[in-house]
Amino acid sequence: MLVVTGGEGRDLRMHDKRRTSHPKRAWPSGVFLPGIAISVFAPLLLFSSTLFADDRDQRPLDTQAEFFESRIRPVLVEHCYECHSAESKIVRGGLQVDHRSAMHEGGDSGPLLVPGNPDGSLLIASLKHQSFEMPPDGKLADEVIADFVTWIERGAFDPRSDVRHGKLKPVDWEAAAEHWAFKKIANRVPPEYDEADSEQVKNPIDQFVLRKLRDSGFRPAPSAGKRTLIRRATFDLIGLPPTLDEVQNFLNDESPGAFDRVVERLLSSPQYGERWGRHWLDLVRYANTNGADENHSLPNAWRYRDWVIRKLNDDLPLDDFFVQQLAGDLLPVPDDEVAAGDLLTATGMLVIGPKMLAEQDKDKMIIDIVDEQIDTVSRTMLGLTVGCARCHDHKFDPVSAEDYYALAGIFYSTKTMAHKGHVSMWMERPLPSKEIHTQRLPFQARFDQEQAKLHRLRDLKGRDDQSFDASELKQQQKVVKELEQQMPPYQMVMAVEESEPTDLAVHIRGNHLTLGTDLVPRAMPKVLASVHAGESIGQTTSGRLELARWIASPENPLTARVMVNRVWMWHFGKALVRSPSNFGLQAEPPPHPELLDWLALELIRNRWSLKEMHRLIMRSATYQMDSQPIVEDEERDPDNRLWRRQNRRRLEAEPIRDAVLMAGGNLDLTPGNEADDKDSSRRAIYLKINRSALDEMFSAFDYVEPATHISQRPTTVTPQQALFMMNSPLVTEQAENLAKQLLQRGPLSSGVDDRELIQMAFARLYSRIPMESEVVRIQQFLATIEAQDEMGLKPADRRLRAWSALCRTFISANEFIYVE
Amino acid sequence: MNAELTRRELLNRAGAGFGSIALADLLIRQASVAEASSEKLAGLPHFPGRAKRVIFLFMHGGPSQVDTFDYKPQLSIRNNEPLPFAKPRVQFGQTGNLLASPWKFRQYGESGAWVSDLFPNVGRCVDDITFIKSLHGSNEAHGGAMLKMHTGSDTFVRPSMGAWISYGLGTENENLPSFVTMSPTLGHGGVQNFGSAFLPPIHQATRVGMRGEAIKESGAAINNLTNESVPNSIQASQLEFLKDLDRLKRPGARTSADAEMDARIESFELAFRMQTEAPEVLDISRESKSIRRLYGIDEDATDNYGRQCLLARRLSEAGVRFIQVNHSYWDQHRDLKDKHLELATQVDKPIAGLLMDLKQRGLLDDTLVIWGAEFGRTPTVQGASKDGRDHNPHGFTYWMAGGGVKRGFSYGETDEFGYYATHDKVHVHDLHATILHLLGVDHERLTYRYGGRDFRLTDVEGRVVDEIIA
């Protein structure tokens, strides 16, 4: 029995009893083993390696390697690689012979060789021109073919790596530059329209939409009624239904501009940031726990969430919004300490992602974090799936592995992790505070002194110095910790800081253990830099600020387009470009490219104001159209690609929950601060999002994965959603609350027709008046339930039970969770 | 639109399930939400599967292979000697000396498989089992290894194995979810271990209970399955009323824009049926005394896992595609002797009971039972107490029974101490490829397009271990 410890690491170790008893063709001399051999019982030394199956060659590795290198590899390179390698323009027959696994797997015609069996190997048959005729330009010399036969007989030893080289096909840079989304944003003139259509044109958006509709022979839908409009606008901008008073005021206001005033009121509501902040948080995978392997709480993540809400409420220009999140720590520090703190808080975006905190290979952990940041930033801000280029040049898009590692260097030169201990810890930074600074002053001198001593001791430990005393270190840690606890603490935010500027090499196949030879200078992706170069990155900075400014530049062809496309999606349920986070070559060109460009330039012209974009979109006739489908039009344009009408939209998990609480009169609108547990009655955006234990209400309603960028919430229909409506404590309780509140206003005994109460419920839940047919059916339902007295309930309780059932059904109805 | 495309394909192509391109087609085909969850993916299975369903007995924490099913006499012979080869990368600190197993091993059955005294009851089933003793992964921390085992990736967020199988094969019973996980832990990857990631959310697991919660005799371990304050008769009236209200609100001809709302009304009918059927399936009180005894129910140590295993049988009988039965927490860095014995006692009899019960019902032929964990443990000692073992992803044991695997068979080996898988190594990806294969699914062809590329459970890896297939 034998154990071999290979010099090349663990994979070479092995032992195998069967080989001991059935040695094959063991060579009598030239015994050589890589590394050290330790014999357990050791009657006999044998050679073997995990690289081989049983019946393969067992002669020394170096001898076999020499044979391969001198007789086999040169032939492959000279005669085969042109058509059968990663470097081939077109890989013929799906066959690559430039690495081991591909050699064994073969191509479209099956395995290329059977080790030990040259006669059964397609390779030999092809070389002999008995099946394929390879190489096609003439048979190789008989001696060369004999070498291949020998090689296969002996087990086809192949020292090359199993790494399948990434280059699938070279990036076609010229074709890529022609892709619509990579071109400079064009200045589009809104199309002309007929005088007869002037009713339908409220602003240039309508001109773009109308032209396409008329060209295709469609009519735009008429304007939606006022009740529908205010409900749509209110859910759109603040994520809640309108109140009775708000509806009534709007109905009463018959002056011009009544709807504009509704929009203005909603834009200035503090709830606006809660609704649109939630959209943004989807993109940047906000959560309150780490998820991944160690689900540690992120106790300060909420500060970033509140920053987003505040900045959107303040209408911070989106270019600044982007720059601050990527590089707020690198901007000039404002005198105002709140403003200074905000710039740090903004960079929390880079830190809140999931990390493998207990990954013991810390290099892997760091490069995985960098990857996660690239993925989030590129999809969110650029609408590009750059992450694909981590392992190989992007399969579809003009993003090379070099581009990826040029970007990766930027994030690698940024410090996201505070330490890399057994379980690592992310970065948090103190919020500047003169008040706390002053309070800490009396302690500071001593603290600095003790801290310095601690560093000295750690230093000694690190250098294995003779004078190092472990107990002294322990004692000193205690001293520093105690002192720290006496000092008033700074508030901490998740934030990054600069690290040592470092260029990275391409990680072959994304593996940090197999590095390319050359370092890639930190830079922006080439194909985009050719449209807009940006500042070059110096030797002394990470390049994060340069990246941020380049992304947020009006010259960047993607940023503004991607953002207006998202805003459109959040107002219409569907985006102009249907893949909002992928504007690459795979993206379907939008039916309205001119509208997209025009909106993007409008955004830039309005100094990147998001609120101006809302005004523009919501004041258009297009936004205000009815959502009622027309049968024959739906058949011709089933997906409403031409915006014939508004889309009917199902609400997301958060507004559904908030609306249920509001129906019961229990929604607490207290803003901000730490995340609440799930029984809280504050708005959903303030609930704790636990990546490892996501609340089932959220996952049932399609908020499934808070650990990655969400480009668009899916809308599925599942029985779990129905069960939530039928049975969840939340719906059951709020429906009963609603029933009680309604019944307090009406007669408490049955027998009256309840018409007024029914109308009140409709106004509150659906912002409309019930039809007579509905009233009749509702009365019938109430009577049926009230008549059930098998539980021996008192009349008043029976009535409450009937009304609770009624309110549950109202909440379950399509009308409650769809916006027309 | 291509008439050959199934609704299911359209749903998946839309990426988002309902609510997109698929709607026109949905309408034409009289969409039903029930079908959306029960229908197989077009073209699946790719070939006739040997198994129709999976029961995955998951031992969270990592039981020691050298104390259970991977017998290493060298450990006793060389107890307390240093490991004679390089120290591998492991989770915690120093690799200690070799540690003999505290348990005796004996041979069982005609196959003569060696099983330790921790699993005497499973020992009696070895002739129905294929052992894979050469499983290996790379991640030595619980979280990463759990994610790798469940989703194939410890780097990215990916759908779990059960979600992939649900996506590929749908459910056999439209009144029940296709993927159920029982008493899962919410640590170490939590919901990601049974999540759907970018697959349509209907494929995520329905949870029954939580780690640390006892499984009840009957009733609602599924969230929102029952409502104690509302009698069934009222719910039935509500359902009729809901349908009528919807008809009044949306009279007339249906268009594609109505399909989603129609499907939603249907989902209430399905939920109502699920609410009726699921509690019956979850109610184990009607099982006979002898069956309960077989699973060790009503005995202190085995009661809870016995209930879980019995529920697993009932769910698989009722047509649930993938059922994971979790047990925690096999992480004995110390107290190996006491804790491993305690934990093994909790599961040994229930697992054997499950295998025997499935067999006597003829269910074992097409039910694949899998036993394993996120990793195994080192054959060396950890800690001063000399009574613990560290994490070891480099070589550990899985076993399978039924569902088309060989009976009384063992595949793969570790070295003579049980540290590394050395022979016929089976990587986690290979395990996934093999499980899919047994279900009739080609792991290279079960793909889903997301964010611009096609994804697979096995990424670009995976080899079907043909050698273990009967």
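This is a predicted model: local features need pLDDT of at least 70, side-chain atom pairs count only at pLDDT 80 or more; totals for chains, interfaces and linings use all residues.

Me: Where does Ile185(A) lie in chain A?

Reply: Ile185(A) sits in the loop between helix 6 (173–177) and helix 7 (204–215) of chain A.

Me: Leaving aside neighbours within four places in sequence, which residues is Ile185(A) in contact with?

Reply: For contacts, look for C-beta atoms within 7 Å. Beyond those sequence neighbours, Ile185(A) touches Pro557(A), Ala560(A), Arg561(A), Asp597(A), Ala600(A) and Leu601(A).

Me: On to domains. How is chain B divided?

Reply: The domain assignment gives chain B a domain 1 (32–218 + 285–468) and a domain 2 (223–282). Their centres, taken over C-alpha atoms, are 37 Å apart.

Me: How many residues of each domain of chain B are in contact?

Reply: Domain 1 of chain B puts 12 residues in contact with 12 residues of domain 2 of chain B. On the domain 1 side, helix 11 of chain B gives the most, with three residues. That side divides into six nonpolar, three polar and three charged residues.

Me: And how many residues does each chain bring to the contact between chain A and chain B?

Reply: Chain B brings 77 residues and chain A brings 74. Elements giving two or more residues on the chain B side include helix 8 (232–249) and helix 9 (256–282) of chain B. By type, the chain B side has 34 nonpolar, 32 polar and 11 charged residues.

Definitions and conventions
Residues are numbered from 1 along each chain as its sequence is written. Chains are lettered from A and ligands numbered from 1 in the order in which they are written. Domain bounds come from an automatic or database domain assignment. Two residues are in contact if their C-beta atoms, placed from the backbone, lie within 7 Å. Helices (H or I, at least four residues) and strands (E, at least two) are DSSP runs, numbered from the N terminus. Ala, Val, Leu, Ile, Met, Phe, Trp, Tyr, Cys and Pro count as nonpolar, Asp, Glu, Lys and Arg as charged, and the others, Gly among them, as polar.
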